[in-house]
Amino acid sequence: WGRNWDGQTDVPATVTNVVALSAGWAHSLALRTDGTVVAWGNDDFGQTDFSFLARGVIAVAAGYYHNLALRPDGTVVTWAFDYPTPLAASNVVAVAAGWEHCLALRADGTVVAWGDDSYGQSSVPALASNVVAISAGMEHNQALREDGSLALWGRTNAAVILEPPPLTNAAAIG
């Protein structure tokens, strides 16, 4: 449901046995139980033409005009994106896509970010340590730390956030 100017809500018949979904700006991704990815909607930047490397995938994330796929070996595949995946994006356990930036959560609780950094969204602050979950917004990010506190960085409507908010015991972010 929602605005459907490029067919992003017209789910193809091939979208079956789905275990995860992700919505980009004007395209959608589905991850099937067999590790294959189905993409539909706007393809102005090749975001629905996924790489042959995006097979055997365990997680997906759709951004504005790009996608990320996490493979079981902890590597990240991106497509329709102008920024190369950094070497530090290894041993990854989760991915998130923002407007024009990407996040990867490593097994050691550290976060790797790359892409546009106009508002500091790709500059991971030191307080984003011991992280157990990540989420990317248009020009900002959230990281849930193992103690239930949050690290936020990037742009808000008011300012750039680099300090954790007064919230504790969080269980999930999005």
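Author: Buried means under 20% relative accessible area, exposed over 50%, and partly exposed in between, with a 1.4 Å probe and protein chains only. This is a predicted model, where local features need pLDDT of at least 70, side-chain atom pairs count only at pLDDT 80 or more, and totals for chains, interfaces and linings use all residues. Residues are numbered from 1 along each chain as its sequence is written, and side-chain values use heavy atoms, leaving out hydrogens and water.

Reader: What percentage of the 174 residues of the chain count as buried?

Author: The buried share is 47%.

Reader: How is a pair of aromatic rings described?

Author: By the distance of the centres and the angle of the planes. Rings of Phe, Tyr and Trp (its six-membered ring) pair if their centres lie within 6.5 Å; planes under 30 degrees apart count as stacked, over 60 as edge-to-face and the rest as tilted. The structure holds 6 such pairs. One of them, tryptophan 25 with tyrosine 64, is edge-to-face, at 6.0 Å centre to centre and 65° between the planes.

Reader: Where do tryptophan 25 and tyrosine 64 lie?

Author: Tryptophan 25 is in the loop between strand E1 (18–23) and strand E2 (27–32), and tyrosine 64 in the loop between strand E4 (59–62) and strand E5 (67–70), so the pair ties together parts 39 residues apart in sequence. Strands (E, at least two residues) are DSSP runs, numbered from the N terminus.

Reader: Is tryptophan 99 buried or partly exposed?

Author: Tryptophan 99 counts as partly exposed, because its relative accessibility is 21%. Trp25, Phe45, Tyr64, Tyr65 and Trp99 form one aromatic cluster.

Note on methods. Helices (H or I, at least four residues) and strands (E, at least two) are DSSP runs, numbered from the N terminus.
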